[in-house]
Amino acid sequence: MTTETLAFSAADFRHRAMNQSGGPVHLAWRDHGDHLLNPDAILHVEGLSLRDAAVLVPVIDDPDGAKVLLTQRTRTLRKHSGQIAFPGGAIDAEDGSPEQAALREAEEEIGLAPGHVELVARLPDYYAQTGFRITPVLSVVRRGFALKLNPHEVEHVFEVPLAFLMNPENHRQESGVWQGIERHYYRMPYQDWMIWGITAGILRTLYERLYA
């Protein structure tokens with residue numbers, strides 16, 4: 001087993017997730033990811049009436065190095081159509097917690113059975129300009145799962161090596177104008193996929209909290 005495989009194993013990820021640096025999770029959302037690139041946006045989203053949501057960050061346990069499972073949303077969805085995303089969605093009243101919401105959404109969207117998922121920790125919330133307060137739920141996924149995509153929500157699923165996503169050389173900073181204001185964000189191109197927006201922001205926070 002190579003040094004890189006050991007450094008980016010699921011076991012090492014679990015240990016890092018449970019011993020995060022960077023202050024208490026519930027207080028640290030301003031201090032990471034693309035929130036740091038857009039300080040004016042913090043004032044904007046704090047003034048919004050936000051809906052709570054959760055995403056599952058599924059880190060697959062593989063002997064040759066952990067992989068992160070990602071989806072491409074269908075192009076007919078009203079919000080974030082065609083974008084690369086983690087399984088997840090709004091927290092319903094019956095969910096009880098972000099963890100339960102993330103598990104439910106992952107099963108509904110891609111057929112990932114909860115029995116294959118070990119919940120590990122949370123990252124700081126991500127405050128989205130679209131009006132959501134998103135809780136990323138970190139998890140380790142055991143191989144042997146069989147996925148079944150919900151075609152109304154997900155077009156594709158794919159895996160990216162954790163080592164690639166946690167390499168800051170793969171985190172490109174770019175900018176664009178949204179609603180008349182320049183916004184800065186991360187892009188992480190991998191093979192034929194372009195990871196950006198909320199997903200790249202969460203991955204950048206994961207890097208800063210666990211691997212920087």
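This is a predicted model: local features need pLDDT of at least 70, side-chain atom pairs count only at pLDDT 80 or more; totals for chains, interfaces and linings use all residues.

Q: Let's start with R104. Where does R104 lie?

A: R104 lies in helix α4, which covers residues 98–110.

Q: Is R104 buried or exposed?

A: R104 counts as buried, because its relative accessible area is 19% and the cut-off for buried is under 20%.

Q: And which side chain does R104 join in a polar contact?

A: That would be D95: the two side chains are joined by a polar contact of 2.7 Å. If you leave aside neighbours within four places in sequence, R104 is in contact with A90, D92 and D95.

Q: New topic: rings. How many aromatic pairs are there in the whole structure?

A: A search of the whole structure gives five aromatic pairs. One of them is F158 with W193, a stacked pair with 4.1 Å centre to centre and 5 degrees between the planes.

Q: Which parts of the chain does that pair link?

A: Distant ones: F158 is in strand β8 (residues 154–161) and W193 is in strand β11 (residues 193–196), 35 residues apart. F158 is also buried, with a relative accessible area of 8%.

Q: What sits over the ring of W196?

A: The charged end of R187 does, 5.1 Å from the ring's centre.

Q: Last one, helix α6. How many of its residues are buried?

A: In α6, 13 of the 14 residues are buried, so this helix is largely enclosed by the rest of the structure.

Q: What span should helix α6 have?

A: At 1.5 Å a residue, helix α6 (residues 197–210) should span 20 Å, and its end C-alpha atoms are 20 Å apart, which agrees.

Conventions
Residues are numbered from 1 along each chain as its sequence is written. Side-chain values use heavy atoms; hydrogens and water are left out. Helices (H or I, at least four residues) and strands (E, at least two) are DSSP runs, numbered from the N terminus. Buried means under 20% relative accessible area, exposed over 50%, partly exposed in between (1.4 Å probe, protein chains only). A polar contact is a pair of N or O atoms within 3.5 Å; within protein, one must be able to donate a hydrogen and the other to accept it, and residues adjacent in sequence count only if both atoms are side-chain atoms. Contact means heavy atoms within 4.5 Å. The expected span of a helix is 1.5 Å times one less than its number of residues. Rings of Phe, Tyr and Trp (its six-membered ring) pair if their centres lie within 6.5 Å; planes under 30 degrees apart count as stacked, over 60 as edge-to-face and the rest as tilted. A charge sits over a ring if NZ of Lys or CZ of Arg is within 6 Å of the ring centre and within 35 degrees of the ring normal.
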